Amino acid sequence: MNQPLLNRRKLIGLGAAGVSSLVLAGCDQFDFLGESDGTVRAILARADGLTYRAQRLLIRDGALAPEYSETEIRQGQRPNGSRDPQTEEYLALKSNDFVNYRLSVNGLVERPMQYSLAELRNMPARTQITRHDCVEGWSCIAKWTGTPLARILDDVGVKAGARFVVFQCFDQLDDGEDLYYESCDLIDARHPQTILAYGLNGQSLPVANGAPVRVRVERALGYKQPKYVHTIRLVDDFSPFGSGKGGFWEDRGYDWFAGI
Amino acid sequence: MPLFARTGQRSHNGPLVYRQSVLTRLTHWTWAVCLFFLLPSGLQIFNAHPTLYIGNESGFVYDNAVFRISAVDTVDGPRGRTLLFGHAFDTTGVLGMSGPAQQPRYRAFPSAVTIPSYHDLATGRVVHFFFAWLLVVTLLAWLIGSLANGHIRRDVLPTRKDLLNLPGDVVDHLRLRIHHGQGYNVLQKLAYAGVFFILFPLIVLTGLAMSPGMNAAMPWLLDLFGGRQTARTLHFLAMSLLVLFFIVHIVMVLVAGLSNELRSMITGWYRTSAEHKGARP
């Protein structure tokens, strides 16, 4: 009973051993969580579904993302992902200043339609100064002008069975084969701030930011704002597109809702 | 080390008392697991853009950064560099540049402290949000249960008498003179209350303030924290303080007696010091 349970030397030794074993062991024993078809990962990823349902419950369907003042635009919109698509179709349209561009709206709709850029510009527009939040963690405030998607959906008449809107794009990322695509539910599609943007900070939308048309879904992260959109398709399931997860990055392990 | 030795002796003289309820023990270990996964997955997420700013947005053509980890080219070759409030620190080997010298990795936090060990933001997010949910649900269960059973009032919040005793308790801690009583001493109470009522709410709310969805439902969260990027900075700061708490927590458990402290958090039963023989059962 004269020996203390722990003297200072033992304590320091224990601490040092603990820290060094932690550093040596590292975290690579959890690398299996990165395997896209892993069982444990699938269980963990169910929390994303919980987040989706919780946010749909907590956030009014029409609740607006914060809007900012002109003075808060302190820099250009930082381009990210594709900045200069090289697909043949896109280059041909770009060379002619997108005069021949047509936005197709089809799928589960009453009247499939095509819109030229001029037709979109002649429809009632919405301008909003909002914050773009990249999944990487940075944010950038910019002014977006475009046609509310709700107006287009009313135009074509959404059929009763439609559940999602899929946006198909001209660009390929990382020199890959897959074309970019994205999707959202009808609540986000009909949200007043969801626009088909053709203007950025008072100018025509630059190529680096998605010309001629990019989508803004302001209550979601940056990868839900597809650029270089050519087709909007109303669907009831994602399986015909990419790997069937509802988006280019979703097919690569990112969550579909992206509200957090 | 006479004081230290006396502490060890004293801890084995008193009676066993039932100190930790089932709720406290279950939530304690759940939080331990949650934080074990939240920290390295959070560092994985941080690594995707290893700069922290003040304000709503990230300055790319102006500077509102307060913390940045990067790799820079110098005349001596690449180095890891960490910027904190404009002061640069060479952190080669740990932050910005790490791994074997022949094959250095240019990443903010090293492989050893991220989940996964390689760059994989998508998986970092999956892991982070799962355990964030678990943490929040467990916190709510603890809060409701501990308000109901009196744990918060009785054991966590310091009383007036506790606070009057603060200087004496600080001296006791500095001399590593540990009293093993039924309840917590005042520094313990302040540490736990700080974690429960400041750090946990801060880290949860700054996390929610980064959600563009939640920004639409609760725009006041952004006002409260001074913008989304400030919220991200505060989230990182709260993490750092939780890590600091964890280190002190572990050191204190070792100082106070590992087996006794572990037993109390597993079985609930705690061996008090002889001086506490009269303590309530």
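A salt bridge here is a side-chain nitrogen of Lys or Arg within 4 Å of a carboxyl oxygen of Asp or Glu. By that rule, 2 salt bridges turn up across the interface of chain A and chain B. This is a predicted model, so to speak of local features takes pLDDT of at least 70, side-chain atom pairs count only at pLDDT 80 or more, and totals for chains, interfaces and linings use all residues. Residues are numbered from 1 along each chain, chains are lettered from A in the order written, and side-chain values use heavy atoms, without hydrogens and water.

**The interface**
- Counting heavy atoms within 4.5 Å as contact, chain A brings 59 residues and chain B brings 54.
- About 4,900 Å² is buried between the two chains, 66% of it from carbon and sulfur atoms; that is accessible area (1.4 Å probe) lost on putting the two parts together, summed over both.
- B:Arg228 pairs with A:Asp133 in a salt bridge, at 3.3 Å from N to O.

**Chain A's side**
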